[in-house]
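The following paragraphs go through the structure interface by interface. Please keep the sequence and the coordinates open while reading.

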Amino acid sequence: MRMHKWLFALSTVCALYSTATLAADPIKIGEINPFSGPLAKYGLELSRGHELAIDEINAKGGLLGRKVEMITGDATNPQQAIATVDQLANRDKVNLFSGTYMSPVSAAASDAAQRYNLLYWETIATAQELTERGLPNFVRTGPNAASYAIEAVAAINNLIAGAYGKKPGDLKIWIEHEDLSFGTSIADTLKTLLEKEGVKPIGVSAHSFKAIDLNDTVLRIKQGNPDLLIEIGYVPDGNLLLRNLRSQGYKIPGIMYLVTGDAPETLEAVGADALEGLLVVSYPRTNLPNTFSPGGDHYLAAYRAKYKQEPAATLGMTAYAGMQMLFDAVTAANSTDPDKVRAAAAKMDKPLGSYPGGYGVKFDSNFQNTRALPVVVQWQSGVPVTVFPKEAASAGVALKNFPRR
Amino acid sequence: MSSISGISNGSPAATDMQRLRRAAVHEPFGRIVGKYLFGLSLALVPFGLLFNDYYSINILTFVYLMAGLACAWNIIGGFGGQFSLAHGVFFAAGAYIPAQFYLKYGVSPWLTAPAAAAVVATAAVLISWPTFRLRGPFFAIATMALNEVAAVLANYSDSLTGGARGLLIPFKASFSHMIFVERWKYCALMFAFMALTLAVVVVIRQSRLGYYLLAVREDEDSARASGVNVLAVKLWGMGISAALTSVGGTLFAMFIRFLDPPTLLSLPDIGVKFALLSLIGGIGTVWGPVLGAFFIIPAENFIRASLGGLPGAHLVVLGLLLMLAALFLKKGIVGAAAALWRRVRATP
Amino acid sequence: MENLFTILFIGLWLGGIYGLVSIGLTLIFGVIRITNFAHGEVLMVGMYGTYLAYGWLGLNPYLAVVVVVPVMFVFGVLIQRVLMQPLLDEPLMQMFASFGLLMFLQNLVLMLTRGASLGIPSSGRADNLSIAGINLSLGHVLAFVASTVIVIALHFFLRHTMMGKAIRAVTQDKRAAATMGINVNRIYRLTFGLGTAITGVASVFLTPIYTLSPSIGGDFVLAAFAVVVLGGMGSIWGAYFAGLIIGVTEAAAGFYIDPALKSAVWFLIFIIVLIVRPSGLLGTVGAEEVGLREQH
C-alpha cells in the first residue's frame, strides 16, 4: 500500500516535472507568410501543414524535450518581411524560422534572419536563387524550380516518350510559360535540362499570366505543331490557355502542365472533357500508397480532425513533411543553432519514401534537398490520378488517352 | 483671362491668387531656416523614442523614405500641378542602375547615386517633354502608361534589370557599400534623405522657380501670357523631382537588397503612393507630404497588424480612409490644420 | 494567309471586348469629365455579380443581364452621388478618390471570397463556331455582337431621346444647359449610372470566359484607357473603333512579334497617340489642352 502510494506520488511528480519542463522554455518557430493579401489562402494552408507537424511532435514529448510553439507573422512583400523578422526575432525571441509561400518574402526574410544568426528552414518557396545565394542559415526541404524541370524530364524519358512510341530526342516539345520569375526560372531550367539530353524544344514562348487573350499564343503553337506542349503558369493563364485551345479546335496530342493545373478550379473552369489526359507535375497528394508516401493518411486525418474540412491545397503535406525533416535535423544536432543544424542536415541520408509525399532527405552543397521531387498526375474522367513515378501510382493505374489520337 | 479679372471679388480663385502672392513674398531667411530645423527636429522625435523597438524602427525608416519621395513628387505634382504617375520609373531606375554597378563592378552606391540621379533626371526631362502638352487627367494617364511600359520592359530585359528574377544584393556590410548591420543606421540615412529633399523643396518654394511652378498650377494660360516659359518651368520641376526620386530608389535598393519589377514598379505600392501621401498631407505645401507619410504609413501597418487574419480587410479600411480623406480633407492635413488654427484664432 | 484571317478575327472579337469595357468609361469621361481609375474594379464587381446571379439564382450567365445591369446602374448613380459629385471642382481629389474606391472594391471582394478562384463551369460541350474554316468561341462572338448592339443603341439614345439630348447638351456646355432648365447634377448621376450599366453588360459577357479574381479588373482597365484615349475621350464610336484597332494590333503583335511584348506594343501606340494627336480619332481636337476642367 505504502509502496503504491510512493510510486503514485513519484510518478505524479515525474509527470508534473516533465510537463513543467515541457512547458518551460519552449522552442519558438517563427513563420512568415502572406496572411493578408490575395495569396493568403496558400499562406494559411502552409501554416496549417507546419502546425500539424508541431502538434504531432508535441504529443510525442516535444523537440529536445521542449514544447514547440509556432509564432506567425504576416508579410506580402520584402519590406514587410524584414520588419516582421525583426519583430519575431526581437519581441518574440524565436529560435528559428520556417518557410514561406512567396519567394521574394523568403529571400528578404531569410536574409534578415541571418543578421540574427537564426536558421531559416524553407519548406515550400521554390525560387532557384534562394539556395544558390550561399546564405549560411538557409536550408530548403521542398522542391525548387529545378525539381519541377527534373521531374518533367524524367516523365518525358520514362513515361511519355514510350507512350508516343518515340525516342525522347524525336519528340517535338513546345515550352510555354508565364513571364514573371516563377515561370521564367522553371522554363529556363527545363530548356537546359532537355538540351543536355539532346532534346531541343521547337519553341519557347512567354505570355503574361494576366493576359486577356492567348489565342495568338495558341496560333504560334499551332504553327510549331508540337507533339507535347508544356505549360508553366498560374491558374488564370493555365485555364485560359486550355479554353483558347478548345475554342480554336486545336487538339495537341499531349499537354503537360507544371506546378498548377490539378486543382478543382481548373476542372470547373474547363470541364472534364477538355482536361482528359492532361498531365500535371505537382505536389504529391494525400492519396498516395503508404509504401511510397508513409504518413500521408496521418496528415489527412489530423487535418480533417483539427480544421473540420478537406485540405485546401496540396502544398500542405509538403510543408508538413518539411517540418518533420526539421525536427529530425534539430534532434540530430541537439541544438537550434544554424551551423550545427546545417552540419547535422548535411549528414542526413534518407531514401525516397521516408516522409509523407514520398520525400527523402539528401542535401546538396547548397542545402537544397535533392530527394524532394514532385509527382505527375493525369486527369482521368475528372479526377487527378497519380501516374508517375511508378512507385507513387496506385495498383492498376495507367496512362489513359495519351497521346490523344 | 477670367481668373485675373476675378481677383478682387473674394471668389475662391481670388483668395487663392492672394495667398499665392502673399506666399511668394520672401520670408526672412532666418525664419525659413528656423521653421525647417524645427520641423526636422519634430520628425526626429520618433527616432529617439523608438530607437530600440526594432519593428517600429523599420516602419520609421520607411516613413522617412516615403516622406522624402513624396516631397520630391510634390515639386512637380504639388507645386507644378502635374499629376505624374511615372515617378515609379525614376524610382526603379535609381534602384537598378547603382545596384547593377555595385553588383557587376563593385562601385560604391554613394558614387553612383548622384550619377544615376543625373541620368534619370535627363531621361525624365526627355520623356516628359512631349507629354507636357497634355493637361490634367490626360497627363496622368500618359504617365501611368509610361510606368506600365517600363514594367514590361524591366521584366523582359534580363541583362539590364535581371528580368523577372530580379537582382539580389548580398549582405556585405560596410559604409562604402551603403549596407549596415544596425537598422537604426538605415533609419538615419533615410532621415538624411528626407532632410535633403525638404531642403530642396524649401529652397524651390522661396525661389522664382517655385513661384513660376505655382503660377503654372493655378492657371497655365495666364502664366504663359505673363511671360512665364511654361514648358521650361515644368521641365525643371520634373528634372529636379526625378533626380531626388532616383536617389530615394538607390537608398531603397541598398536597404531591401531585393529588386524586381513587381517590388519597384507596382503602381499602387509605389507610383501612386507618392501622390497619395502628398494629397493626404496637403498637396502643394512644404510639409504636407511629410505629414502624409507620418500619418498613412504607420496607420497602414497598424491596420494590417490588427486585421491581418482577414485577407484584404486592412486595405478595405485604407481605401475607405482615402475616400473619406478625399471628401473631407480636401486641402489635406495641412489645410485642415490651418483651417482649425484660423478658427481657433478667430474665436475671442 | 489562313493565319492572317484568324488573327484578324481574334483581333475583332478581342476588340469587341475592349469596346464593351471602354464605352462606359468614355461616356462618363466625356460627359462628366472625370477620370475613374476604379473602372476596372467596377467591371470586376459586375463579373462577381454575374457569378452570384448564376450561383444563387441559378441564372444562365447571359440571362443574368436582366439582374446585373439594373443593379450596376444603381451602383453607378451611388458612386457619382456620394463620391464624385462633391468633388466636381477638385479634379486631383477626384482621381485620388477613385484610387481609394479601387482599393476598397478590390479588397472588399477579396475579403468576401477569401481569395478563392471562382469561375462559371464551362458547359463541357464545345461552344465553338466554325466560320469559313476559322474557329471561334461562341462566348467571344456574343461579346462582339453585344458591343456592336450597345454602341448602336447608345447612339440612338443620345441622338433621338430627350434624355440623350439633355446629356449631349450638358456635354457641350453645362452652364448653358443649366440655364435651359436641365438639372446638371441629375444628368451626371444618370450618365454615371448608364456608363456603369453598360460596363455591367460587359461584365456579363466576360464572366463565362474568364477565371475570376479580385484583381481581374486591373487586367482590363489599362487597355480600356488606351482605347478611350485612342478613340477620343467622350466619343462612343471612337471607343468602339479604337477597341477594334487595338484588339487587332494586340493579336497581330502577339502573333508576329512576341506575346510577352504584347502589352508594351499597344501601350507605346497609346503614348504616341497621346503625343501626336491627343484628341484621338474622333474626339474634339484641343480638348486635352483645355484640361477639361473648365468649359469655354
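Chain C and chain B meet through 45 residues from chain C and 41 residues from chain B, where contact means heavy atoms within 4.5 Å. The model is a predicted one, in which local features need pLDDT of at least 70 and side-chain atom pairs count only at pLDDT 80 or more, while totals for chains, interfaces and linings use all residues. Residues are numbered from 1 along each chain as its sequence is written, chains are lettered from A and ligands numbered from 1 in the order in which they are written, and side-chain values use heavy atoms, with hydrogens and water left out.

On the chain C side, C:L92, C:F96 and C:M103 supply 15% of the area buried against chain B, more than any other three residues.

Polar terms across this interface are counted next. There are zero salt bridges between chain C and chain B, a salt bridge being a side-chain nitrogen of Lys or Arg within 4 Å of a carboxyl oxygen of Asp or Glu. One residue pair is in polar contact, both residues being at pLDDT 80 or more. A polar contact is a pair of N or O atoms within 3.5 Å; within protein, one must be able to donate a hydrogen and the other to accept it, and residues adjacent in sequence count only if both atoms are side-chain atoms.

Helix 4 of chain C gives the largest share of the side that touches chain B, 14 residues. Helices are DSSP runs (H or I, at least four residues), numbered from the N terminus. By class, the side of chain C that touches chain B has 34 nonpolar, five polar and six charged residues. Here Ala, Val, Leu, Ile, Met, Phe, Trp, Tyr, Cys and Pro count as nonpolar, Asp, Glu, Lys and Arg as charged, and the others, Gly among them, as polar.

Over all chains the count is 35 aromatic pairs, with rings of Phe, Tyr and Trp (its six-membered ring) paired if their centres lie within 6.5 Å, and planes under 30 degrees apart counted as stacked, over 60 as edge-to-face and the rest as tilted. The ring centres of B:F138 and C:F29 are 5.9 Å apart with the planes at 90°, so this pair is edge-to-face. The pair joins two chains, because B:F138 lies in helix 7 (residues 136-156) of chain B and C:F29 in helix 1 (residues 2-32) of chain C.

Chain B also meets chain A, with 28 residues from chain A and 23 residues from chain B in contact. The area buried there is about 2,300 Å², of which carbon and sulfur atoms give 59%. In chain A, A:S36, A:Q79 and A:R115 lose the most area to chain B, together 23% of what that side buries. Three salt bridges are counted between chain A and chain B; A:D74 and B:R304 meet through their side chains in a salt bridge (2.8 Å, N to O). Helix 3 of chain A gives eight residues, the largest share of the side that touches chain B.

Within chain A, the domain assignment, automatic or from a database, gives domain 1 (22-143 + 292-347) and domain 2 (146-282 + 375-392). Their C-alpha centres lie 31 Å apart. Six residues of domain 1 of chain A touch eight residues of domain 2 of chain A, and about 660 Å² is buried between these domains.

Notes
Buried area is the accessible area (1.4 Å probe) that two parts lose on being put together, summed over both.
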